[in-house]
Amino acid sequence: PEKPGTIMCLNLNQSNLNPETFSPSTHSFGIAENVELSRTLGSLPPAIVLYGIVGEDFNQGTTLSPEVRKAAMAVADEILRSAFLVHLPVQSASSF
């Protein structure tokens, strides 16, 4: 198993998802099934990235471990940076 705080990133546009890769959902239709249904129906967004962080303690009332907290902050920073870059207007070098 991966160490707590390990960050996983999947580009869902480039790979098919195996439902067995993900933990069972509390619903009968999980992440993999939803993504693959969207792909089949042609409604998958042009860019879809899934981030995951390996947890450490899932007992009720516990807080994030330092490793998981650090990873969560890194993922949040990456998501914000990616969102900014995607929406940043492209300027030619001559406009600087």
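Let's start with Arg39, which is partly exposed at a relative accessible area of 24%. That label covers values between buried, under 20% relative accessible area, and exposed, over 50%, using a 1.4 Å probe and protein chains only. This is a predicted model, where local features need pLDDT of at least 70, side-chain atom pairs count only at pLDDT 80 or more, and totals for chains, interfaces and linings use all residues. Residues are numbered from 1 along each chain as its sequence is written, and side-chain values use heavy atoms, leaving out hydrogens and water.

What does the side chain of Arg39 meet in a salt bridge? The partner is Glu36, at 3.0 Å, N to O. A salt bridge here is a side-chain nitrogen of Lys or Arg within 4 Å of a carboxyl oxygen of Asp or Glu. Both residues sit in helix H1, 3 residues apart, about one turn of the helix. Helices are DSSP runs (H or I, at least four residues), as are strands (E, at least two), numbered from the N terminus. Glu36 is partly exposed too, at 21% relative accessibility.

How many salt bridges does a search of the whole structure find? It finds 2. Glu78 pairs with Arg81, with the closest N and O atoms 2.4 Å apart. These two lie in helix H2, again 3 residues apart, about one turn of the helix. Glu78 counts as partly exposed at 24% relative accessibility. Arg81 is partly exposed at 48%.

Now the inside. The largest nonpolar core has 5 residues: Leu12, Leu17, Ala32, Val35 and Leu44. Such a core is a set of buried Ala, Val, Leu, Ile, Met, Phe, Trp, Tyr and Cys residues joined through side-chain atoms within 4.5 Å. Take Leu12. Leaving aside residues up to four places away in sequence, Leu12 touches Leu17, Val35, Arg39, Leu44, Ile48 and Leu50. Contact means heavy atoms within 4.5 Å. So Arg39, from our opening, turns up again among the neighbours of Leu12.

Next, Ser65. Ser65 lies in the loop between strand S2 (49–53) and helix H2 (66–87). Is Ser65 buried or exposed? Ser65 counts as buried, because its relative accessibility is 13%.

Helix H1 spans residues 31–41 and includes Leu37. Leu37 is partly exposed, with a relative accessible area of 39%.
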